[in-house]
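Here's a protein model to explore. Have a look at the sequence and the 3D view, then read on for a short tour.

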Amino acid sequence: MAVSLNILIVALTFIALSPHCLSSKAYESGGYLFPQFYDHSCPKAQEIVQSIVAKAFAQDPRMPASLLRLHFHDCFVKGCDASILLDNSGTIISEKRSNPNRNSARGFEVIEEIKRAIEQACPETVSCADILALAARDSTVITGGPSWEVPLGRRDARGASLSGSNNDIPAPNNTFQTILTKFKRQGLNLVDLVSLSGSHTIGNSRCTSFRQRLYNQSGNGKPDLTLNQYYAYALRKQCPRSGGDQNLFFLDFVTPFKFDNHYFKNLIMYKGLLSSDEILFTKNRESKELVMLYAENQEAFFEQFAKSMVKMGNISPLTGGRGEIRRICRRVNHAAY
C-alpha cells in the first residue's frame with residue numbers, strides 16, 4: 001500500500017510540474033508557472049540572463065534598477081507578458097510612449113541582447129516575458145538584494161496597451177489610496193505595496209516626478225511639509241521651478257547602488273524622494289508599521305520582497321497556446337522578418 005501511495009504521489013507531482021501533461025484547456029487557463037520550465041528545453045537560459053545582466057551592471061550601475069522597473073511596468077499592464085517591450089507598428093501603439101515610460105523606461109537593449117544570446121542557444125523557446133522576470137531577479141541579487149526561484153513558462157503578448165500603461169501603473173503623485181487600489185486591482189495587497197516600493201533602494205528619478213513637493217504640493221504655493229527641509233533645500237539646487245525636468249536624483253541618496261533597507265530608513269527621516277514613497281510612512285498606520293519594521297530588520301524586508309516579486313510575476317501570465325514566443329522582443333513574430 002505504501003509503495004502504491006508513493007507512486008501516486010510521484011505521478012501527481014510530475015503532472016503538477018509538467019505543462020505537457022495538462023489538458024490544453026487547463027494549461028491555457030494560466031497559472032502553471034514553475035522554476036524548472038526550461039530545465040530540459042533551454043538549460044542554460046538562466047545562466048545567460050545572469051551573465052548579461054552582470055555585464056550590463058559593470059558598464060552602467062543604473063541598469064539593475066532600470067531592468068527591475070521594466071518588469072514592474074510590464075506586469076501592471078495586462079499582466080507579465082512583455083507588452084512593454086513592443087515598438088510601434090501598424091497595429092501596435094507602444095507602451096514606451098506612455099507617461100510612466102516616456103523618457104524614463106530604459107534597458108530595452110539589454111533585454112534584446114539577452115534574447116539574441118538565448119535564441120542562439122535555444123531558438124523560439126524562452127519568452128521575453130520570462131527574460132524580464134529573470135533579469136529583475138538577477139538585478140536585485142547583483143546589487144546586494146535577496147534571491148528567489150522565478151516561476152517560468154510565461155508567453156509573450158501580441159499587442160500592447162498604451163491606455164493601460166497610462167492608467168494602471170502607480171504614479172509618483174497619486175494618493176496613498178489610489179496607489180493601493182491600483183495594487184489591489186492586480187491581486188496585490190498593502191504588504192506587497194510597501195515591500196515592492198522598497199525597490200526604490202536603487203535607481204533614480206527625474207526632477208519632473210517630484211518638483212511639486214519642492215514648490216507647490218497642495219496647490220497653495222507651499223512645499224510638502226512631510227519633506228525634510230534641509231533635504232528639500234539640497235534638491236532645489238538641481239530641480240528648479242522650471243527647467244531641468246530630466247535631471248536625475250537618487251531615490252536612496254545614502255546607498256544609491258546597493259539593494260538594502262536604507263530606503264525605509266530615509267522615509268522615517270522624511271527623506272523619501274517621491275511623494276508616493278513618503279506617504280507610505282505618513283498616510284496609513286499599517287504601512288507606517290511596515291516601513292518601521294523594514295527599516296529595523298533588513299532580513300524581514302528581503303524575505304517579503306522576494307515573496308511579493310513572485311506574486312507580482314504571477315499576474316495574468318499567458319500560458320499554453322495563448323500568446324507566442326517572440327523571436328525579437330520589440331516585435332511580434334509576424335513582423336519579425
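Is Asp168 buried, partly exposed or exposed? Asp168 counts as partly exposed, at 22% relative accessibility. Buried here means under 20% relative accessible area, exposed means over 50%, and partly exposed is anything in between, worked out with a 1.4 Å probe and protein chains only.

What you're looking at is a predicted model, where local features need pLDDT of at least 70, side-chain atom pairs count only at pLDDT 80 or more, and totals for chains, interfaces and linings use all residues. Residues are numbered from 1 along each chain as its sequence is written, and side-chain values use heavy atoms, with hydrogens and water left out.

Helix and strand names come from DSSP runs, numbered from the N terminus: helices are H or I runs of at least four residues, and strands are E runs of at least two.

## Salt bridges

Side chains of opposite charge can pair when their charged atoms come close. This structure holds 17 salt bridges, each one a side-chain nitrogen of Lys or Arg within 4 Å of a carboxyl oxygen of Asp or Glu. Asp168 takes part in one with Arg185, with 3.9 Å between the closest N and O atoms. Asp168 lies in helix α7 and Arg185 in helix α8, so the pair ties together parts that are 17 residues apart in sequence.

Arg154 and Asp130 meet through their side chains in a salt bridge, 2.6 Å from N to O. Arg154 sits in the loop between α6 and α7 (162-168), while Asp130 is in helix α6, so this bridge ties together parts 24 residues apart in sequence. Arg154 counts as buried at 1% relative accessibility, and so does Asp130 at 0%. Then there's Arg327 with Glu124, whose closest N and O atoms are 3.4 Å apart. That pair links distant parts of the chain, 203 residues apart: Arg327 is in the segment after α15, and Glu124 is in the loop between α5 (108-121) and α6 (128-142). Arg327 is partly exposed, with a relative accessible area of 26%, and Glu124 is partly exposed too, at 48%.

## The largest pocket

Rolling a probe the size of a water molecule over the atoms shows where empty space is left. A pocket is found on a 1 Å grid over the protein atoms alone, as an open set of points where a 1.4 Å probe fits, with protein on both sides within 12 Å along at least five of seven lines. The largest pocket holds about 1,000 Å³ of space; that volume is the space filled by probe spheres set on the grid points, which are joined across faces, edges and corners.

What lines the largest pocket? There are 42 lining residues, and Arg69, His73, Pro172, His200 and Leu274 lie nearest the centre. To count as lining, a residue needs an atom within 4 Å of a point. Among the elements that each supply at least two lining residues are α4 (63-75), α8 (176-185) and α15 (298-313), and α4 gives the most, with six. Sorted by class, the lining has 20 nonpolar, 16 polar and six charged residues. Nonpolar covers Ala, Val, Leu, Ile, Met, Phe, Trp, Tyr, Cys and Pro; charged covers Asp, Glu, Lys and Arg; and the others, Gly among them, are polar.

Most residues other than glycine have a negative phi, and most peptide bonds are trans. Ala82 isn't a glycine, yet has a positive phi of about 65°. You'll find Ala82 in the loop between α4 and α5, where Ala82 is buried, with a relative accessible area of 0%.

Ser316 also has a positive phi, near 40°. Ser316 lies in the segment after α15 and is partly exposed, with a relative accessible area of 48%.

Trp148 lies in the loop between α6 and α7 and counts as buried at 10% relative accessibility. The C-alpha atoms of Trp148 and Arg137 are separated by 7.1 Å, with the two residues eleven apart along the chain.

Gln229 is in helix α11 (residues 229-236) and counts as exposed at 58% relative accessibility. From C-alpha to C-alpha, Gln229 and Tyr270 are 9.0 Å apart in space, and 41 residues apart in sequence.
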